[in-house]
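Please read the numbered points beside the sequence and the model.

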Amino acid sequence: MKYQFEVAGGDFSHAGFVSIEIKKIMKRLHLPPAFIRKLSIANYEAEVNIIAHAYDGVVDLEITQEKITTTFTDRGPGIASIQDAMQEGFSTASDKVREMGFGAGMGLPNMKRNSDSMEIHTKQNEGTIVILSHMVPIA
C-alpha cells in the first residue's frame, strides 16, 4: 500500500495532520499500540521539520508486510551539517518558530531514536530527504 501527503512549510496550524493520518492507517492495520506510538513520534518530528524549515514537502508512506517506510522530501535550505543536527539541543529554527514552542533541537535525534533505520540526504539550497523505516512487529 502506498499513500502520499503534502506538507506546507510554515503552516503550524496543521502541524501533526499527516502524522495523525498515518496513525489512523496504522490503527486500521491493528498494529500494536507501542509500535504505532514509536512510528508516530518519528513521523511527527519529521513532519514538523518540514513545516519549520522548508518551503513545502511531500510525505510518502509505503507499507509492506515486513516494513513501513515513510519518506519526507522537502524543498528548503537543506541541512548544513547533519552531524551537528543530530546533536540533541542543536537547532537552526528561527526565533519565531521557537516562540511557538517548536525548534528545540530534538527532531532528528527523536526520529532516529524512534525508528529502526533513518537515512538523510540533503543538498544545500535544494532540500532534504529523510527516510524512516520501521520493521512490522510479528504478531
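1. By class, 18 nonpolar, twelve polar and three charged residues make up the lining of the largest pocket. Here Ala, Val, Leu, Ile, Met, Phe, Trp, Tyr, Cys and Pro count as nonpolar, Asp, Glu, Lys and Arg as charged, and the others, Gly among them, as polar.

2. The model is predicted: local features need pLDDT of at least 70 and side-chain atom pairs pLDDT 80 or more, whereas totals for chains, interfaces and linings use all residues. Residues are numbered from 1 along each chain as its sequence is written, and side-chain values use heavy atoms, with hydrogens and water left out.

3. The lining of the largest pocket comprises 33 residues, and Asn49, His53, Ala85, Thr92 and Leu108 lie nearest the centre of the pocket. On a 1 Å grid over the protein atoms alone, a pocket is an open set of points where a 1.4 Å probe fits, with protein on both sides within 12 Å along at least five of seven lines; lining residues have an atom within 4 Å of a point. Helix 2 gives the largest share of this lining, eight residues; helices are DSSP runs (H or I) of at least four residues, numbered from the N terminus.

4. Asn110 lies in helix 5 (residues 107-113).

Definitions and conventions
Helix = DSSP H or I, 4+ residues; strand = E, 2+ residues; numbered from the N terminus.
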